[in-house]
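Reader: I have a structure open and want to learn to read it. Where do we begin?

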Amino acid sequence: MKQPLTRILIPLAFFAGLLLAWHLLVAARIWSPVLLPDPAEVGRYLTSALPELASATWVTLKRLLIGYIAGIVLGLPVGLLCARFVSLRNSVGLLALGLQTLPSVCWVPLALLWFGQSEGAMLFVVVMGTVWSVILATENGVRSVPPIYARAARTMGSRGLHTWLKVILPGSLPFIVSGMKQGWAFAWRSLMAAEIYVTILTGFGLGHLLHYGRELNAMEQVLGVMLVIVAIGLAADKILFAPWERFLHRRWGTGR
Amino acid sequence: MSIAEELQIGPAAKLAVEGVSKTFPLRKEHVRALENVSLSVGEGEFVCLVGPSGCGKSTLLNIVAGLEIPDSGRVLADGRAIPGPGRDRMMMFQESALFPWLDVLGNVLFSLSLKPGLTDKERREVARFYLELVGLTRFQHASIHELSGGMKQRVALARALAPNPRVLLMDEPFAALDALTREQLYGDLQRIWEQRRKTILFVTHNVREAACLGDRVVLFAPSPGRITHEFRVDLPRPRDINSVALAEYATRITSALKGGERQEVAE
């Protein structure tokens with residue numbers, strides 16, 4: 001904010017340079033323009049297919065957000081309970097640890113068999129991508145909160161639920177935020193894989209557009225959709241997580 | 001409740017520790033942290049508990065705070081058994097135990113947040129009053145990690161004072177600070193104690209610190225944890241940690257402390 005030069009001008013110049021290099025590469029005619037279209041081609045696709053892209057983005061984001069929020073709503077309390085009860089940690093916690101190592105794309109075949117080619121399958125994949133990371137991060141975060149915080153809070157009259165909501169939960173925030181970020185990344189990747197992998201008739205997502213770009217041999221569509229996917233990832237990072245991370249940096253004095 | 005009422009200097013509490021014993025299981029042995037310890041503390045008295053590590057002095061503080069339950073014996077505040085932790089007995093720890101997710105003001109507000117009978121606006125006013133008392137008004141919106149060790153303990157003191165407790169329990173609050181900062185805080189603590197009239201139980205292993213702060217210095221010996229000596233320090237306040245008179249007290253206390261250990265070996 002203080003330095004517009006480094007925050008705006010440098011990224012602008014960098015990406016302009018990247019586009020220019022791309023254009024020059026195309027102009028040099030090393031590859032067929034079918035394999036590497038000019039950036040202007042991709043730009044034309046992006047503008048002409050705008051309605052289609054917007055609806056696909058909406059379909060994809062809806063699946064992602066609903067599944068992601070469900071994953072957090074499920075994962076956060078389970079993580080808290082795992083931290084609180086040793087028996088849960090040694091059962092559900094262990095299950096979470098095991099399933100978290102499973103690449104979330106591996107849920108796609110199972111989801112299709114269970115739910116068919118439906119929204120349910122997509123949501124299931126996203127939830128599975130999110131929930132285990134959130135459980136593990138929450139459990140780990142809670143257990144890393146110094147016990148003295150809870151003791152101090154007790155002398156101030158805090159008990160039970162109040163201690164959990166006002167001391168333990170905020171105390172484990174650095175872990176929870178990084179767990180949520182990891183869950184987001186897993187969910188986003190597995191949703192894209194699922195959308196490319198199967199056609200869901202209830203809605204065409206970005207993955208489908210990417211897939212049809214390949215079927216039609218339309219490289220400008222493939223690249224265009226990829227750009228949109230990257231832009232969404234960047235925006236999610238900046239909008240969803242950056243404010244939390246700024247807060248953590250400011251309060252805990254980490255980073256920078 | 002009005003702010004004036006809230007900030008009123010109430011009577012400090014009398015404390016009575018009666019025959020308190022506490023044993024901790026440690027591997028296969030049992031550590032007798034406290035054995036039949038009795039101690040009475042007058043209204044507004046500043047009592048320092050001194051002894052080597054493992055002598056149970058911190059355990060006693062935790063029991064008075066209500067954070068630990070004694071195996072036998074009881075603790076009375078104004079003649080009534082303490083019902084567990086409570087805002088009438090606030091604790092200060094060696095590590096400040098401030099919450100990093102809150103700013104300085106937020107930390108002081110936390111200890112008021114559960115106190116009934118105040119509006120949020122009144123809570124903020126009360127919190128600001130105590131921040132001013134410890135001289136940190138300027139830093140009310142700072143993050144905890146931005147503070148020096150001494151400032152952190154000042155915030156912790158403000159947080160402990162904010163609910164207007166009648167007893168202040170301090171567990172080696174200055175042990176991790178450098179000498180210069182510590183000396184400043186001795187002055188501040190004496191000033192605040194005289195202004196706000198609290199009963200203070202102060203745990204330390206620093207004899208000079210105890211002689212500087214306490215009306216009375218109580219010596220502990222380990223295994224089993226028990227009280228061996230008591231000293232009354234009759235020096236005018238505010239006391240200077242570097243004064244000659246204080247050094248004489250400290251020397252007497254130290255020799256008693258060593259004597260206690262020799263006795264222990266002979267047993």
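Author: With a pair of strands. This is a predicted model. In chain B, strand S1 (residues 15-26) and strand S4 (residues 72-77) run antiparallel, and 5 bridges join them.

Reader: Which residue of S4(B) stands opposite B:Val17?

Author: B:Val75 does. Keep a general idea in mind as you look along a strand. In a regular strand the side chains alternate between the two faces of the sheet.

Reader: What is the order of the strands in the open sheet of chain B?

Author: The order is S2-S1-S4-S5, 4 strands with antiparallel pairing. Strand S2 (29-41) and strand S5 (80-81) of chain B each have a single partner strand, so one side of each has no neighbour in the sheet.

Reader: Which strands does helix H2 of chain B lie across?

Author: Helix H2 (residues 57-65) lies across S1, S2 and S4 of chain B. Its direction is at about 120° to S1(B).

Reader: How many residues lie between the strands in the hairpin of S9(B) and S10(B)?

Author: There are 4, and B:Ser223 takes a positive phi near 30° in this hairpin. Strand S9 (residues 216-221) and strand S10 (residues 226-232) of chain B pair in the antiparallel sense over 6 bridges. One bridge joins B:Val218 to B:Glu230.

Reader: Now the interface. How many residues of chain B are in contact with chain A?

Author: 19 residues of chain B contact 16 residues of chain A. Strand S6 (89-92) and helix H3 (104-113) of chain B each supply at least two residues of that side of chain B. By class, this side has 13 nonpolar, 3 polar and 3 charged residues.

Terms used:
Residues numbered from 1 in each chain as written. Chains lettered and ligands numbered in written order. Predicted model: local features only at pLDDT ≥ 70, side-chain atom pairs only at ≥ 80, totals over all residues. Contact = placed C-beta atoms within 7 Å. Nonpolar A, V, L, I, M, F, W, Y, C, P; charged D, E, K, R; others polar. Pairing = 2+ DSSP bridges. Axes fitted to C-alpha atoms, helices over the stretch in contact; angles between N-to-C directions.
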